[in-house]
Structures are given as structure tokens and as C-alpha cells.
Amino acid sequence: MTGIAPVRTSPAPRAKRVLYVHSRKASFVEIDRQILAERYDLEDLYQPGRLPNPIKVIGGVLRADLVFGWFASWHTFFPITLAWLLRKPSVLVIGGFDVANMPDIKYGHQQGGLRKFASRWIFRRATRLVTNSNYSLSEIERNTPIPPERVTVVHHGVPDPFSEEPGPKERAALTVGAIDRTTLVQKGQLPFVQAARQLADVRFVFAGKWLDDAVEELRATAPPNVEF
């Protein structure tokens, strides 16, 4: 015995566990995942389609300190609801199809029916709501009963890839995104091609995957100054 009392050290604080709920492997979803994983103990709950895996949902929410979800839809319905029932905090990123109401192109959960009910149920039960633009905030205010003060705008963070001032700018128009039958109108891809006819001296460029034969419809409409 040395007569020296042992020093009691507190255990290192456990990293907060975040249940990360998403339904698609989009790059913006993966970027958020990587950022959160640097700071928290992250558990993935990937749920494509409408039918949830109840064992994974219940187990994931029970283990989590917080539930983080992308979009108010079927994949976030049960995780956010269960977190609310268990009084666990949740963060939900919304904006896009879940807050849109565009019946002319049959787009958006707020057109009515079960999807409208489900999305609004999720909105009300999430602890924090986040959206990526002031335009999305205006859509939320216009199309849903959610007060705008409940929603925090967090703009996309896009790092500047240029270390120096770039050279002279080319007279060009660029659109980036996948092309399929649903995006021709939703993403303004047909109007983009039609605008190229009015600006023959401008280079118009599509960059993105071709998911079906919709690109052929764009090609048939495109003037020579459009490239895919």
C-alpha cells in the first residue's frame, strides 16, 4: 500500500447516437451523412420503397439519442412517429416533393390524399424542421399549415473549387441532373431546350445520367447549340 488514494477518472462521454433515415443514395444525403458521422455515432436506416422494416425501425429508434431524416414520406413516417412517442428529439429536412402542390404536372404530396395526411403528420411530430432555401420555406408556408417560424433555413454549403479567380467566362447555360420521363417538366428540362432555340449564340449543356429514353425526346427538340 502506498497510502496514496486512487484517482477516480470519469469515463469518456459517449458519443450521441444518431439514427440517419433516408430512402435513396443521393449525393447530398451522403454528404450530410459524412458530416454527422464525424461528430456522432451514426446508425443508418436506409428504407427504399413504402414498406418499412419494423424490426430495424424499432431497434434503431430505441438505440438512438436523435432521429435525423431526409424528407417527409413513407420511410420517415414510423421513425419520426416512434421518436415522438418515446419523447426523443428528431430533425427532419423537408422541401421538394413533400411540400409541393403542382397538380398540373401531378407533383407533390400536398395535392391531397394519404400522402398529404402522412407528410403533415410527420411535419407536426418532428422536433426540428430544416429546409435548404427561402423558396422552399415559402412553399411550406403556402402549401402546409406549418408556421414558417418552426422551420430553419440552412442553405447548401458548396465549397469553391477554384483557388484563384477563374479566367474569362464562356457564354453558356448548364443544367445538372438525371434525365427521365418524370424530370422533363419537373426539372424544367424541356423548357431549357426550348430556350436554346432563342439563344443560338449560347452553348447549352446537359450533364447527368440518362435513366431511360427521355433523352431522345430532348434530342429531337434540341437545336445544334445543345449538347448532352
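**Cores and strand pairing in the predicted model**

The largest nonpolar core comprises 25 residues, and those with the most contacts inside it are Leu19, Val61, Val67, Leu92, Ile94, Phe123 and Leu129. At least two residues of this core are supplied by each of β1, α2 (54-63), α3, α4 (113-125) and α5 (134-143). Helix α3 provides the largest share, five residues. The structure described here is a predicted model. In general, nonpolar side chains tend to be buried together in soluble globular proteins. Leaving aside neighbours within four places in sequence, Leu129 is in contact with Leu92, Ile94 and Phe123, and also with Ile146, Arg150, Val151 and Thr152. Another core, of 14 residues, lies apart from the largest one; among its members are Ala196, Leu218, Ala222 and Val226.

Strand β3 (residues 66-70) is paired with two strands, β1 and β4. Strand β1 (residues 17-22) runs parallel to β3 and is joined to it by four bridges; in one of these pairings, Val18 has Leu66 of β3 as its bridge partner. The pairing of β3 with strand β4 (residues 90-93) is likewise parallel and also extends over four bridges, with Ser90 of β4 as the bridge partner of Val67. Together with helix α3 (residues 74-85), β3 and β4 form a right-handed β-α-β unit. Four of the five residues of β3 are buried, which means that this strand is largely enclosed by the rest of the structure.

A further group of strands forms an open sheet of three, in the order β7-β8-β9, with parallel pairing. Strands β7 (172-176) and β9 (226-227) are the edge strands, since each pairs on one side only. Strand β8 (residues 203-207) is joined to β9 in the parallel sense over two bridges, and the bridge partner of Phe204 in β9 is Val226. Val226 is also among the residues of the 14-residue core. Helix α7 (residues 189-198) lies across β7, β8 and β9 and runs at about 160° to β8.

In helix α8 (residues 214-221), the buried residues include Ala214, Val215 and Leu218. These residues cover an arc of only 100° around the axis, and therefore lie on the same side of α8. An α-helix has 3.6 residues a turn, so residues three or four places apart point the same way. The buried residues of α8 are covered by elements including α6 (183-186), α7 and β8.

Definitions and conventions
Residues numbered from 1 in each chain as written. Predicted model: local features only at pLDDT ≥ 70, side-chain atom pairs only at ≥ 80, totals over all residues. Heavy atoms only, no water. Buried < 20%, exposed > 50% of the residue type's maximum accessible area, 1.4 Å probe, protein only. Pairing = 2+ DSSP bridges. Right-handed = clockwise from strand over helix to strand, strands pointing away. Contact = heavy atoms within 4.5 Å. Axes fitted to C-alpha atoms, helices over the stretch in contact; angles between N-to-C directions. Arc of directions from axis to C-beta. Core = buried A, V, L, I, M, F, W, Y, C linked by side-chain atoms within 4.5 Å.
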